[in-house]
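Let us walk through this model from its overall makeup down to one pair of packed elements. Keep the structure in view as you read.

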Amino acid sequence: VVVCPPAWVPESLADSLEADSGAGARAVAAKASHISPGTSAYTPPTWSDNRVISPIEPSEPSVFELVFDNVRLGAKADGEKGAGLFAAQVALCAFVAGGDIPMVGDLVRVDLATLAMIGGLLSLTLGTLELGPALSPWTLPAENDRSELRTDGAYGLARHPMYTGLLLLCVGFAVLTDSATRLGLTLVLAWVLNQKADLEETALEDKYGEAYGEYSAKVSKRFLPFLF
């Protein structure tokens with residue numbers, strides 16, 4: 001800002017005022033632009049507390065944002081098969097939490113459980129009757145003149161049809177009564193019967209030799225035909 005003195009101010013005093021005002025304006029402008037009066041070089045500001053101003057850097061994405069990207073991008077890359085398996089995983093977890101399957105829960109709990117029990121009873125009965133004189137509760141085969149190796153009938157489908165029937169009865173009853181405890185005990189029973197079958201088959205192989213080896217190669221499943 002340049003001060004213009006009025007006309008009645010003496011000429012010598014007016015010149016002094018104009019000179020002072022011009023120097024003051026230049027000093028203010030220089031201070032605003034960090035340029036010292038009378039120089040054209042830039043002088044960076046100085047701070048008494050030695051603070052350093054860093055440029056603002058973009059923040060890293062959060063874990064939630066990264067997971068959301070994984071879900072969004074993975075859904076496209078995984079394809080229909082992966083999406084279908086994930087949907088089945090979610091649905092089965094929901095059914096487990098709810099304790100039932102919508103619209104088919106009664107079918108599984110009543111009809112299939114009943115069929116399993118009927119099939120188990122049939123397998124247990126046939127296995128017992130067909131074994132006849134060779135029937136024994138122990139792991140060693142019966143020692144009598146009428147006992148023989150059975151390879152047909154129920155024993156042509158599984159090597160231990162009596163155990164198959166027992167397990168199907170227990171599974172069906174556990175499902176029919178909605179008992180997780182019974183189902184867990186049935187799994188333990190399956191392990192016990194599998195261990196017992198190991199000892200029985202070793203003893204049968206010792207007794208019947210190559211004949212039992214050919215039978216076990218032909219009937220490869222112990223309990224469930226085509227499965228286990």
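Accessible areas here come from the Shrake-Rupley method with a 1.4 Å probe. On that basis the chain exposes about 16800 Å². Carbon and sulfur atoms supply 66% of that area. Buried residues make up 20% of the 228 residues in the chain.

This is a predicted model, so confidence comes next. The mean pLDDT of the chain is 78. Of its residues, 71% reach 70 or more. One stretch to treat separately is residues 32-37, where pLDDT stays under 50. For that stretch the model has 12 contacts beyond four places in sequence.

Now the fold. The chain has 6 helices and 0 strands. Along the sequence the pattern reads α-α-α-α-α-α. Take the contacts with a separation of 6 or more: residues 24 or more positions apart account for 66% of them.

Next, one helix pair. Two packed helices are described by the angle between their axes and the distance between the axes. Helix α4 spans residues 161-176, and helix α5 spans residues 180-208. Their axes come within 9 Å and cross at roughly 175°. Angles over 145 degrees count as roughly antiparallel, and α4 and α5 are therefore roughly antiparallel to each other.

Which residues in α4 meet α5? They are Tyr 163, Leu 166, Leu 167, Cys 170, Val 171, Phe 173 and Ala 174. On the α5 side, the contact includes Leu 183, Leu 189, Ala 190 and Leu 193, along with Arg 182, Lys 196 and Glu 200. By class, the contact of α4 with α5 has 11 nonpolar, 1 polar and 3 charged residues. Thr 186 in α5 also takes part.

Key: Residues numbered from 1 in each chain as written. Predicted model: local features only at pLDDT ≥ 70, side-chain atom pairs only at ≥ 80, totals over all residues. Heavy atoms only, no water. pLDDT = per-residue confidence, 0-100. Contact = heavy atoms within 4.5 Å. Axes fitted to C-alpha atoms, helices over the stretch in contact; angles between N-to-C directions. Helix = DSSP H or I, 4+ residues; strand = E, 2+ residues; numbered from the N terminus. Parallel < 35°, antiparallel > 145°, perpendicular 65-115°, else oblique. Nonpolar A, V, L, I, M, F, W, Y, C, P; charged D, E, K, R; others polar. Buried < 20%, exposed > 50% of the residue type's maximum accessible area, 1.4 Å probe, protein only.
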